[in-house]
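Hi there,

Here is the structure I promised to pass on. Have a look at it first, and then read on for what turned up.

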Amino acid sequence: VKKNKKIIKVFLNIEILLYKLFCMNISEEIKPVLKKIKANKVKEAELDLLDIIKKNDQNYLALNLIGQIKMQNKNYKEAINFFNKSLDLKKDSLDVMFNKGVALNLLGLFKEAEIILDELSKLNTSHYEIFYNLPQYKKN
């Protein structure tokens, strides 16, 4: 379980960098939130994200980021709910699927986590986090 805590924190940071580098169409309202997360002002960022969702409940990136914050704070069931909402909007988001798999694992739902990671490994063979984490799930 300790190893998984490190994975979450590392993955949250990786996710933020990926958003910055590869998602050029990030809405202007998300950019200041990412800066707050990077500055470790996570609670403020979460409040901002909740405001964003109140204004636009179709923002799958905001839902995913809230899920990651919830997961970091060990609120795994809440995190999964946010990941599910995000996936309802963007079913093909590999990052959100991966996050949901991590949250399921941390909640102790190992079989469900393994199913998601197996599916991800079929969809994207270059998503290195999947292969890094898949052996952990298979052991459980």
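How near do the axes of helix α4 and α5 come, and at what angle do they cross? Before the answer, please keep in mind that this is a predicted model. The axes of α4 (residues 60–72) and α5 come within 8 Å, and the crossing angle is roughly 165°. That angle is over 145°, so α4 is roughly antiparallel to α5. The crossing of these two helices is left-handed.

Sorted by class, the contact of α4 with α5 holds nine nonpolar, four polar and three charged residues. In the loop between α4 and α5 you will find Lys-74. Lys-74 is not a glycine, yet its phi is positive, at about 65°.

On the α5 side the contact is made by Tyr-76, Ala-79, Ile-80, Phe-83, Asn-84, Ser-86 and Leu-87. On the α6 side the residues are Val-96, Met-97, Asn-99, Lys-100, Ala-103, Leu-104 and Leu-106. By class, the contact of α5 with α6 has 10 nonpolar, three polar and one charged residues.

Lys-100 deserves a look of its own. This residue lies in helix α6. Leaving aside neighbours within four places in sequence, Lys-100 is in contact with Ile-80, Phe-83, Asn-84, Leu-87 and Ile-116.

Now to the inside of the protein. Nonpolar side chains tend to be buried together in soluble globular proteins. Here the largest nonpolar core has 18 residues, and Met-71, Phe-83, Ala-103 and Leu-120 touch the most other members. The elements giving two or more residues to this core are α5 (76–89), α6 (94–106) and α7 (110–123). The largest share, eight residues, comes from α6. There is also a second, separate core of 15 residues, with Ala-45, Ile-53, Ala-62 and Ile-69 among them.

Finally, the pair α2 and α3. The axes of α2 and α3 come within 8 Å and cross at roughly 160°, which makes α2 roughly antiparallel to α3. The crossing of α2 and α3 is left-handed. Val-33, Lys-36 and Ile-37 of α2 meet Val-42, Glu-44, Ala-45, Asp-48, Leu-49 and Ile-52 of α3. The residues in the contact of α2 with α3 divide into six nonpolar, no polar and three charged.

The loop between α2 (31–38) and α3 (42–55) holds Asn-40. Is Asn-40 buried or exposed? Its relative accessibility is 64%, so Asn-40 counts as exposed. Phi of Asn-40 is near 65°, a positive value in a residue other than glycine.

Note on methods: Residues numbered from 1 in each chain as written. Predicted model: local features only at pLDDT ≥ 70, side-chain atom pairs only at ≥ 80, totals over all residues. Heavy atoms only, no water. Core = buried A, V, L, I, M, F, W, Y, C linked by side-chain atoms within 4.5 Å. Buried < 20%, exposed > 50% of the residue type's maximum accessible area, 1.4 Å probe, protein only. Helix = DSSP H or I, 4+ residues; strand = E, 2+ residues; numbered from the N terminus. Axes fitted to C-alpha atoms, helices over the stretch in contact; angles between N-to-C directions. Parallel < 35°, antiparallel > 145°, perpendicular 65-115°, else oblique. Left-handed = near helix turned anticlockwise from the far one by under 90°. Nonpolar A, V, L, I, M, F, W, Y, C, P; charged D, E, K, R; others polar. Contact = heavy atoms within 4.5 Å.
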